[in-house]
Amino acid sequence: MRIFEKQMKSTFIVGALVLLSGCSDDAAKVSLGLFTTKDVIVSGWTDPKVTGVTCHVSHIEANLDFADPSDMSIACRQTGPITAEQMSQVKLGNSGEVVFSTSKSVLFKSLKVRRVYDPESKTLLYISYSTKETSGSHHHALSTVPLFGTDAWDWASSQVKK
């Protein structure tokens, strides 16, 4: 009887995990119309290092295509405290670091979001971009989160080169 209970318990856990794997972090999904298979998807996520920042990226999902369009937009806002400890973990420099990435095609195209710190304005820049050129352009969008008024402002002021 105990073996049967263990098997049932593990079957339940596996089944629950399969059901949960279908859940997404999409904040919105808007159909582009009755006669199209394309939707506008808005994904929301929190910066893993600067947890006081939440970004929303909208992009097109083409359900029956091998590749989704490259267009996207991004909006990032302060939604919680931004601290000096968080900022000390941020990669400084012109190229910053990728904080979010999702596949947009079976042909190596992805949508990425990169965080770059601008020390002159004491601002976090979030740049969303497509990794594959489309119609002669790498589509991209920009959003900024200033550190003014946050706990990290003193940290940012002490980082200014003299």
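Visitor: What makes the pairing of the side chains of Thr54 and Thr79 a polar contact?
Guide: This is a predicted model, and in it the two side chains approach to 2.6 Å. A polar contact needs N or O atoms within 3.5 Å, one able to donate a hydrogen and the other to accept it. The Thr54 and Thr79 side chains are therefore listed as a polar contact at 2.6 Å.

Visitor: Where is Thr54, and what does it touch?
Guide: Thr54 belongs to strand E3. With neighbours within four places in sequence set aside, its contacts are Trp45, Thr46, Ala75, Cys76, Arg77 and Thr79.

Visitor: Why is Thr54 called buried?
Guide: Its relative accessible area is 17%, and buried means under 20%. Thr54 therefore counts as buried.

Visitor: How do you know that Cys55 and Cys76 form a disulfide?
Guide: The S to S distance is 2.0 Å. The cut-off is 2.5 Å between cysteine sulfur atoms, so the pair of Cys55 and Cys76 qualifies. The structure holds 1 disulfide. The angle about its S-S bond is 110°, and the link is right-handed.

Visitor: Which parts of the chain does the pair of Cys55 and Cys76 link?
Guide: Cys55 is in strand E3 and Cys76 in strand E4 (residues 72-78), 21 residues apart, and the pair is described as linking distant parts of the chain.

Visitor: Are Cys55 and Cys76 buried or exposed?
Guide: Cys55 has a relative accessible area of 0%, and Cys76 has 0%. Buried means under 20%, so Cys55 is buried and Cys76 is buried.

Visitor: Why is the pair of Trp45 and Phe100 called stacked?
Guide: A pair of aromatic rings is described by the distance of the centres and the angle of the planes. For Trp45 and Phe100 the centres are 5.3 Å apart and the planes are at 10°. Pairing requires centres within 6.5 Å, and stacking requires planes under 30 degrees apart. The pair therefore counts as stacked. The count under this rule is 3 aromatic pairs.

Visitor: What does the pair of Trp45 and Phe100 tie together?
Guide: Trp45 sits in strand E2 (residues 38-46) and Phe100 in strand E5 (residues 97-103), so the pair ties together parts that are 55 residues apart in sequence. Trp45 and Phe100 are both buried.

Visitor: What makes Asp47 and Arg115 a salt bridge?
Guide: The N to O distance between their side chains is 2.7 Å. The rule asks for a side-chain nitrogen of Lys or Arg within 4 Å of a carboxyl oxygen of Asp or Glu, so the pair of Asp47 and Arg115 meets it. Asp47 is in the loop between E2 and strand E3 (53-62), Arg115 is in strand E6 (residues 110-118), and they are 68 residues apart.

Visitor: How do you know that Asp47 and Arg115 are buried?
Guide: Asp47 is at 0% relative accessibility and Arg115 has a relative accessible area of 0%. With the limit for buried set at under 20%, Asp47 therefore counts as buried, and so does Arg115.

Visitor: Which salt bridges does Glu97 form?
Guide: Glu97 pairs with Lys49, with the closest N and O atoms 3.0 Å apart. Lys49 is in the loop between E2 and E3, and Glu97 is in strand E5, 48 residues apart. Glu97 also pairs with Arg115, where the closest N and O atoms are 2.7 Å apart.

Visitor: What makes Glu120 exposed?
Guide: Its relative accessible area is 74%. Exposed means over 50%, so Glu120 qualifies. Glu120 is in the loop between E6 and strand E7 (123-130).

Definitions and conventions:
Residues numbered from 1 in each chain as written. Predicted model: local features only at pLDDT ≥ 70, side-chain atom pairs only at ≥ 80, totals over all residues. Heavy atoms only, no water. Phe/Tyr/Trp six-rings, centres within 6.5 Å; stacked < 30°, edge-to-face > 60°. Helix = DSSP H or I, 4+ residues; strand = E, 2+ residues; numbered from the N terminus. Buried < 20%, exposed > 50% of the residue type's maximum accessible area, 1.4 Å probe, protein only. Contact = heavy atoms within 4.5 Å.
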